[in-house]
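Subject: Structure handover

Hi,

Here is the structure you will be taking over. Please open it alongside this note and follow the residues as they come up.

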Amino acid sequence: MEMSANYTSFVAVGDSFTEGMSDLLPDGSYRGWADLLAARLAARAPGFRYANLAVRGKLIGQIVDEQVPAAAGMRADLVTLVGGLNDALRPSCDMGRVRGLLEEAVATLAPSCRQLVLMRSPGREGPVLARFRPRMEELFAAVDAVAAEHGALVVDLYGSGALGDPRLWDPDRLHLTAEGHRRVAEAVWQTLGLAAEDDWRTPLPPALPVRWAARRAEDLRFARRHLGPWVGRRLTGRSSGDGLPAKRPELLPYEPPREPGGPSHRPVSGAGGPSLPGPGDPPREPPYEPPASPGGLS
């Protein structure tokens with residue numbers, strides 16, 4: 001049984017994860033879990049409105065300064081906030097300051113909406129997760145604590161082994177694929193108490209073994225296309241989001257994107273809204289090749 005009434009408006013706040021990288025549409029824009037969730041919620045509520053204030057690369061202080069006041073002023077039914085991970089992944093990070101800013105954001109957003117949703121972000125299995133795991137878990141402990149204090153829901157993506165599968169991550173190793181974003185949308189949907197379409201925690205089928213030479217070649221491509229530019233931005237104090245506007249800066253009626261060759265989503269029986277194809281469905285777009293400017297690590 002569904003525990004929640006319809007939501008008539010939704011504002012998403014955050015960084016590249018909420019902007020939708022790397023769920024690339026044919027026109028070069030990004031879709032992502034927040035757009036997918038908005039589409040499903042819109043199917044339940046005529047006149048549904050949606051804003052997405054997320055910008056790639058934003059630190060928690062920038063989110064608090066640039067997005068939180070605007071989101072609070074929109075007085076939406078539903079607000080999602082995901083931030084702080086870009087801070088935690090930097091070589092030097094004051095986690096006390098990050099916790100304080102997170103608390104400030106939640107204290108502002110929670111009274112402004114009917115339901116605030118926070119997340120424990122997913123982590124791709126590998127050396128980066130191993131290195132930064134203590135900071136990430138410190139951040140997620142703060143998320144749990146502030147959510148309990150202000151009555152926010154928490155979507156535990158970090159605790160799902162399935163979302164750690166490298167096959168659900170883009171070649172930049174920092175952003176989810178389209179299927180990864182679909183699973184996140186489903187996880188939020190279920191956390192809101194809405195009827196499940198499927199089990200987003202289901203592991204992918206066992207992976208075929210990859211030869212050592214192929215793994216090393218992929219590592220070299222990653223270093224050249226993504227790691228090098230990311231390190232360069234860190235050294236110069238730049239971000240991939242510098243100068244970019246919010247994805248959907250105004251709370252306006254939702255209109256689904258139109259893709260060449262048909263509708264952007266297939267209808268889902270019993271879920272009350274649209275969704276992406278599952279892992280076994282045929283692909284609808286060419287393999288992703290990250291663009292030089294908007295793609296890459298945040």
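Arg182 counts as buried, at 6% relative accessibility. Buried means under 20% relative accessible area, exposed means over 50%, and partly exposed lies in between (1.4 Å probe, protein chains only). This is a predicted model: local features need pLDDT of at least 70, side-chain atom pairs count only at pLDDT 80 or more, and totals for chains, interfaces and linings use all residues. Residues are numbered from 1 along each chain as its sequence is written, and side-chain values use heavy atoms, with hydrogens and water left out.

Now the partner of Arg182. Asp198 forms a salt bridge with Arg182, and their closest N and O atoms are 2.8 Å apart. Asp198 lies in the loop between H8 and H9, while Arg182 is in helix H8, so the pair ties together parts that are 16 residues apart in sequence. Helices here are DSSP runs (H or I, at least four residues), as are strands (E, at least two), numbered from the N terminus. A salt bridge means a side-chain nitrogen of Lys or Arg within 4 Å of a carboxyl oxygen of Asp or Glu.

Asp198 is partly exposed, with a relative accessible area of 25%. The pair also belongs to a network: salt bridges that share partners join Glu179, Arg182, Arg183 and Asp198.

How many salt bridges does a search of the whole structure find? The count is 15.

One of them links Glu197 and Arg40, with the closest N and O atoms 3.9 Å apart. Glu197 sits in the loop between helix H8 (178-191) and helix H9 (212-236), and Arg40 in helix H2 (residues 33-42), so this pair ties together parts 157 residues apart in sequence. Arg40 is buried, at a relative accessible area of 2%. Glu197 is partly exposed, at 22% relative accessibility.

Next, Asp165 and Arg167. They form a salt bridge whose closest N and O atoms are 2.8 Å apart. Asp165 is buried, with a relative accessible area of 15%. Arg167 is partly exposed, with a relative accessible area of 38%.

Last, a residue in another helix. Ala145 is placed in helix H7 (residues 127-150). Its relative accessible area is 48%, so Ala145 is partly exposed. Ala145 and Glu103 are 42 residues apart in sequence. In space they are 9.2 Å apart, C-alpha to C-alpha.

Best wishes
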